[in-house]
Amino acid sequence: MLRDLGLRLRVFHRAWRLRLRAEPVQTAFIRENLKPGEVAVDVGSHKGGFTYWMRQRVGPDGKVYAFEPQPRSAAYQRDIVRCYGYENVVIEEKALSNQRGTAEFTASAGGFDPGGRIGGEPGAGERFSVEVDTLDSYFGKASRPVSLIKIDAEGHELEVFLGGHKILTQDKPHLVFECERRHHQGESIRPVLE
């Protein structure tokens, strides 16, 4: 009981800090562009701050799919779903890319790292294998159309987009994504933006 109360308070605090201080523009965009009954996707959901606002906006008739390949982060989000009784959130413990299979993932802090990523610099943290899917493959079997996709994949955004060509061209979802030169080892970010 107290554990659940503590979890609820942490989730509430994180979501409001994200909305008011950490990511106010992105959070406002999500809140303005999602409607009840729609489908939203959170790629690299980490601790579920954006998932919280997506879930609230799509309501009980909508659905949010949160993809988080780090075991501890995914388990934390499953606890949130259980604690709050969310029936419109699906937590998928996998990464998204341009092909299905497995990939090496690098993360520090025992798999609870906001900077965890596919690949990563040798020695930058713990390396482990994660399941990988594509947007097109996954949503070939799940709810459609997808209305909004948020991506925080630490330099793997282009691969996520390439694996979602059908979703992007057919559903034309709103996009919120991180794209920083520091994650691209000095290479241009232009291909991601194009």
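Tutor: Serine 137 is a place to start; it lies in helix 5 (residues 135–138). Keep in mind that this is a predicted model.

Student: Is serine 137 buried or exposed?
Tutor: The relative accessibility of serine 137 is 19%, so it counts as buried. The cut-off for buried is under 20%.

Student: How far is serine 137 from leucine 96, in sequence and in space?
Tutor: They are 41 residues apart in sequence, and their C-alpha atoms are 10.0 Å apart in space.

Student: You named His46. Where does histidine 46 lie?
Tutor: Histidine 46 is in the loop between strand 1 and helix 3. It has a positive phi of about 45 degrees, although it is not a glycine. At 15% relative accessibility, histidine 46 counts as buried.

Student: Which other residue has a positive phi although it is not a glycine?
Tutor: Lysine 172 is one, with a phi of about 50 degrees. Its place is in the loop between helix 7 (165–171) and strand 9. Lysine 172 is exposed, with a relative accessible area of 63%.

Student: What about glycines with positive phi, which helices do they follow?
Tutor: Glycine 59 follows helix 3 and has a positive phi near 70 degrees.

Student: How many residues of helix 3 are buried?
Tutor: Eight of the ten residues of helix 3 are buried, so by the under 20% cut-off the helix is mostly covered. The buried ones are Gly49, Phe50, Thr51, Tyr52, Trp53, Met54, Arg55 and Val58.

Student: And helix 4, how many residues does it have and how far does it reach?
Tutor: Helix 4 (residues 71–84) has 14 residues and reaches 20 Å from its first C-alpha to its last, close to the 20 Å expected at 1.5 Å a residue. Ser73, Ala74, Tyr76, Gln77, Ile80, Val81 and Cys83 are buried in helix 4.

Student: Switching to cavities. How many are there of 30 Å³ or more?
Tutor: The count comes to one cavity of 30 Å³ or more. The largest cavity has a volume of about 80 Å³.

Student: Which residues line the largest cavity?
Tutor: The lining is made up of Val11, Lys47, Gly48, Thr51, Tyr52, Gln77, Ile80, Val81, Tyr86, Val89 and Ile91. Helix 3, helix 4 and strand 3 are the elements that give two or more residues. The largest share, three residues, comes from helix 4. By type, the lining of the largest cavity divides into seven nonpolar, three polar and one charged.

Student: Strands next. How do strand 1 and strand 2 run, parallel or antiparallel?
Tutor: Strand 1 and strand 2 run parallel and are joined by five bridges. The chain crosses from strand 1 through helix 3 to strand 2, and this β-α-β crossover is right-handed. Aspartate 42 stands opposite alanine 66 in strand 2. Four of the five residues of strand 2 (residues 63–67) are buried.

Student: And strand 2 with strand 3, how many bridges?
Tutor: Strand 2 and strand 3 (residues 89–92) pair in the parallel sense over four bridges. The crossover from strand 2 through helix 4 to strand 3 is a right-handed β-α-β crossover. Valine 64 stands opposite valine 89 in strand 3.

Student: Last one: what is the order of the strands in the open sheet with mixed pairing?
Tutor: Four strands form that open sheet, in the order 4-7-5-6. Strand 4 and strand 6 stand at the edges, each with a single partner strand, so one side of each has no neighbour in the sheet. Strand 5 (residues 101–107) pairs with strand 6 in the antiparallel sense over two bridges, and threonine 106 stands opposite arginine 117 in strand 6.

How values were computed: Residues numbered from 1 in each chain as written. Predicted model: local features only at pLDDT ≥ 70, side-chain atom pairs only at ≥ 80, totals over all residues. Heavy atoms only, no water. Expected span 1.5 Å × (residues − 1). Buried < 20%, exposed > 50% of the residue type's maximum accessible area, 1.4 Å probe, protein only. Pairing = 2+ DSSP bridges. Right-handed = clockwise from strand over helix to strand, strands pointing away. 1 Å grid on protein atoms, 1.4 Å probe; cavity = no way out; pocket = protein on both sides within 12 Å on 5 of 7 lines; lining within 4 Å. Points joined across faces, edges and corners; volume = space filled by probe spheres on them. Nonpolar A, V, L, I, M, F, W, Y, C, P; charged D, E, K, R; others polar.
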